[in-house]
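Me: Can you walk me through this one? I'd like to start with the strands.

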Amino acid sequence: MTTIGIFGGTFDPIHFGHLRTALELLQALRLNEIRFLPAGNPPHRETTVASAAERLAMVRAAIRDQSGFKVDDREIRREGLSYSVDTMRSLRTDFPESSLCLIVGMDAFLGLTKWYRWRELLELTHLVVAHRPGWRAPAMGLLGELLVDRGTSRIDDLHEAHAGRILIHAVTQLEISSTEVRKLIGAGRDPRYLMPEEVRGIIEESGCYRTKK
Ligand code: ATP
């Protein structure tokens, strides 16, 4: 069975914090691939600074030479905001025989029970929680119970079932955020060494973070 990681985000822009996390998970969890899945934009309103096409181009450029990294443009093609559960259902349809691992940060995981149809989500995919220092796994409440039920530290569990387990995994932390990167570029500073050169080139050429805030 192939095991596919799904890494969603706005990627506005993609940076080494995203890429390093993905590479460590690809290798440590023995995933066959990681699909970078940029979020779509609502039809009549921009919630991102760079356009969907620019964000997609930056992700493509960033992952080009890493085997196992793929781009998945299904949310951008659909337009509008997508619920994770709908995206995962669509992926499940495309990859009926694969194990799917949705990658989320601990901060996102702590809000899981507020996600739209979150229980259904766990029927469709595993959750891999990329652990940041300073975040502790919840021991109590609904999430605490969920972790007792579904939590595992055994990587093979991700490969042996298609969905339904939760694995928390520590990754090297690079304190880079897209918001800070945009601010820095907006202030006329150079984002070099925070992102691949190809991404920096696209930003420079398009000017997508220069004038807009
Ligand atoms: P912003 O600063 O605008 O919130 P971001 O840098 O968090 O943006 P997103 O595209 O929203 O970028 O993030 C996509 C995913 O990557 C999220 O799950 C987020 O938790 C994770 N992520 C973001 N930055 C890092 C980082 N430095 N290291 C590890 N994971 C990160």
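Predicted model: local features only at pLDDT ≥ 70, side-chain atom pairs only at ≥ 80, totals over all residues.

Me: How many bridges join β1 to β2?

Reply: Six. Strand β1 covers residues 3–9, and β1 and β2 run parallel. In that pairing, Ile4 stands opposite Glu33 of β2.

Me: And what do β1, α1 and β2 make?

Reply: A right-handed β-α-β unit.

Me: Why is β2 largely enclosed?

Reply: Five of its six residues, in the run 33–38, are buried, so the rest of the structure largely encloses β2.

Me: OK, zoom out. What's the strand order in the sheet?

Reply: β3-β2-β1-β4-β5-β7-β6. That is an open sheet of seven strands with parallel pairing.

Me: Which strands stand at the edges?

Reply: β3 and β6 (151–152). Each has a single partner strand, so one side of each has no neighbour in the sheet.

Me: Now the core. In the largest nonpolar core, which residues touch the most other members?

Reply: Ile6, Ile14, Leu100, Cys101, Leu102, Ile103 and Val128. That core has 45 residues. Strand β4 (residues 99–105) supplies the largest share of this core, five residues.

Me: Take Ile14. What does it touch beyond four places away in sequence?

Reply: Ile14 touches Leu19, Met58, Val59, Ala62, Met195 and Val199.

Me: Switching to the ligand. How many residues surround it, and which are the closest?

Reply: 15 residues surround the ligand. The closest are Gly9, Gly17, Gly105, Ser177 and Ser178.

Me: Which elements give two or more residues to that shell?

Reply: α1, β4 and α9 (178–186). Helix α1 gives the most, with three residues.

Me: How do the shell residues divide by type?

Reply: Six are nonpolar, nine are polar and none is charged.

Me: Back to α9. Is Arg182 in that helix buried or exposed?

Reply: Buried. Arg182 is placed in helix α9. It has 20 C-beta neighbours inside 10 Å, and the cut-off for buried is 20 or more, so Arg182 counts as buried.

Me: What does Arg182 touch, leaving out residues up to four places away?

Reply: Val49 and Tyr209.

Me: How far is Arg182 from Ile168?

Reply: Their C-alpha atoms are separated by 29 Å. Along the chain, Arg182 and Ile168 are 14 residues apart.

Me: Last one: Asn32. Where does it lie?

Reply: In the loop between α1 and β2. Asn32 has 14 C-beta neighbours inside 10 Å, so it counts as partly exposed.

Me: What does Asn32 touch, again skipping residues up to four places away?

Reply: Thr2, Thr3 and Ile4. Ile4 also stands opposite Glu33 in β2.

Me: And how far apart are Asn32 and Glu123?

Reply: 21 Å in space, C-alpha to C-alpha. In sequence, Asn32 and Glu123 are 91 residues apart.

How values were computed
Residues numbered from 1 in each chain as written. Core = buried A, V, L, I, M, F, W, Y, C linked by C-beta atoms within 7 Å. Buried ≥ 20, exposed ≤ 12 C-beta atoms within 10 Å, placed from the backbone. Helix = DSSP H or I, 4+ residues; strand = E, 2+ residues; numbered from the N terminus. Contact = placed C-beta atoms within 7 Å. Pairing = 2+ DSSP bridges. Right-handed = clockwise from strand over helix to strand, strands pointing away. Near = placed C-beta within 6 Å. Nonpolar A, V, L, I, M, F, W, Y, C, P; charged D, E, K, R; others polar.
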